[in-house]
Amino acid sequence: MLADYEQAVADGSVYVAAHGAAIAGLVVLSDSDAGFMLNNLAVAPDCQGQVIGRLLIEFAENQARARGHDHIALYTNERMTENIALYGQLGYVEVARRCEAGYRRIHMVKTLRPSRARC
């Protein structure tokens, strides 16, 4: 983990899901000319299996739409088979496999539909 999370927090790129006073999960997002990126997603071990990860992904997708993007990208380690399966179920498609910084990563993209107006 070489990312500068202190800087990400200062930049406003980190969003948390709270359960009472505890942090249940977090998502790190970035917006650039190259597109919208879900950089990191983590759920506290005692909160896993409670849809928090799915809600954080939905939040990330809504942020991408709100910022004018029509897709969202992410990558994960190829050993994270449960995550890869979840992303596939949610509409993410593998677009590349690369070895980067010593890690075998799977890059995935999801095309976003415009959000529907709610009454």
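This is a predicted model: local features need pLDDT of at least 70, side-chain atom pairs count only at pLDDT 80 or more; totals for chains, interfaces and linings use all residues.
1. Strands E1 and E2. Strands E1 (14-19) and E2 (22-32) run antiparallel and are joined by 6 bridges. Within this pairing, Tyr 15 has Val 27 of E2 as its bridge partner. The hairpin of E1 and E2 has 2 residues between the strands, and Gly 20 in this hairpin takes a positive phi near 65 degrees.

2. Strands E2 and E3. Strand E2 also pairs with E3: the two run antiparallel, with 8 bridges between them.

3. Length of helix H2. Does the span of helix H2 agree or disagree with what its number of residues should give? Helix H2 covers residues 52-66, which is 15 residues, and at 1.5 Å a residue it should span 21 Å. The expected span takes 1.5 Å times one less than the number of residues. The end C-alpha atoms of H2 are 21 Å apart, which agrees with the expectation. Just after H2, Gly 68 takes a positive phi of about 90 degrees.

4. Buried side of helix H2. Which residues of H2 are buried? They are Ile 52, Gly 53, Leu 56, Ile 57, Ala 60, Glu 61, Gln 63 and Ala 64. The buried residues of H2 pack against several elements, namely strands E1, E2, E3 (35-43), E4 (71-77) and E6 (103-111), together with helix H3 (81-89). A charged residue, Glu 61, is on the buried list, and it is taken up in the next point.

5. Lys 110 and Glu 61. Lys 110 is found in strand E6. The side chains of Lys 110 and Glu 61 meet in a salt bridge, at 3.2 Å from N to O. Lys 110 lies in strand E6 and Glu 61 in helix H2, so the pair ties together parts that are 49 residues apart in sequence. Are the two partners buried or exposed? Lys 110 has a relative accessible area of 14% and is therefore buried, and Glu 61, at 8%, is buried as well; the cut-off for buried is under 20%.

6. Surroundings of Lys 110. The side chain of Lys 110 also reaches the backbone oxygen of Leu 90, at 2.7 Å. Leaving aside neighbours within four places in sequence, Lys 110 is in contact with Glu 61, Asp 70, His 71, Ile 72, Leu 90, Gly 91 and Tyr 92.

7. Glu 100 and its arginine partners. The model holds 6 salt bridges by count. Glu 100 forms one with Arg 98, the closest N and O atoms being 3.8 Å apart, and one with Arg 105, where the closest N and O atoms are 3.3 Å apart. Glu 100 counts as partly exposed at 22% relative accessibility, and Arg 98 counts as partly exposed at 42%. Arg 105, by contrast, is buried, with a relative accessible area of 18%. Salt bridges that share partners also join Glu 78, Glu 94, Arg 97 and Arg 104 into one network.

8. Cysteines. How many disulfides does a search of the whole structure find? The search finds 0. Cys 47 counts as buried because its relative accessibility is 9%. Cys 99 counts as exposed because its relative accessibility is 56%, the cut-off for exposed being over 50%.

9. Val 51 has a positive phi of about 65 degrees although it is not a glycine, and it is found in the loop between E3 and H2. Ala 101 likewise is a residue other than glycine with a positive phi, near 50 degrees. Ala 101 is found in the loop between strand E5 (93-100) and E6. With a relative accessible area of 65%, Ala 101 is exposed.

Note on methods: Residues are numbered from 1 along each chain as its sequence is written. Side-chain values use heavy atoms; hydrogens and water are left out. Helices (H or I, at least four residues) and strands (E, at least two) are DSSP runs, numbered from the N terminus. Buried means under 20% relative accessible area, exposed over 50%, partly exposed in between (1.4 Å probe, protein chains only). Contact means heavy atoms within 4.5 Å. A disulfide is a pair of cysteine sulfur atoms within 2.5 Å. Two strands pair if DSSP finds at least two bridges between them. A polar contact is a pair of N or O atoms within 3.5 Å; within protein, one must be able to donate a hydrogen and the other to accept it, and residues adjacent in sequence count only if both atoms are side-chain atoms. A salt bridge is a side-chain nitrogen of Lys or Arg within 4 Å of a carboxyl oxygen of Asp or Glu.
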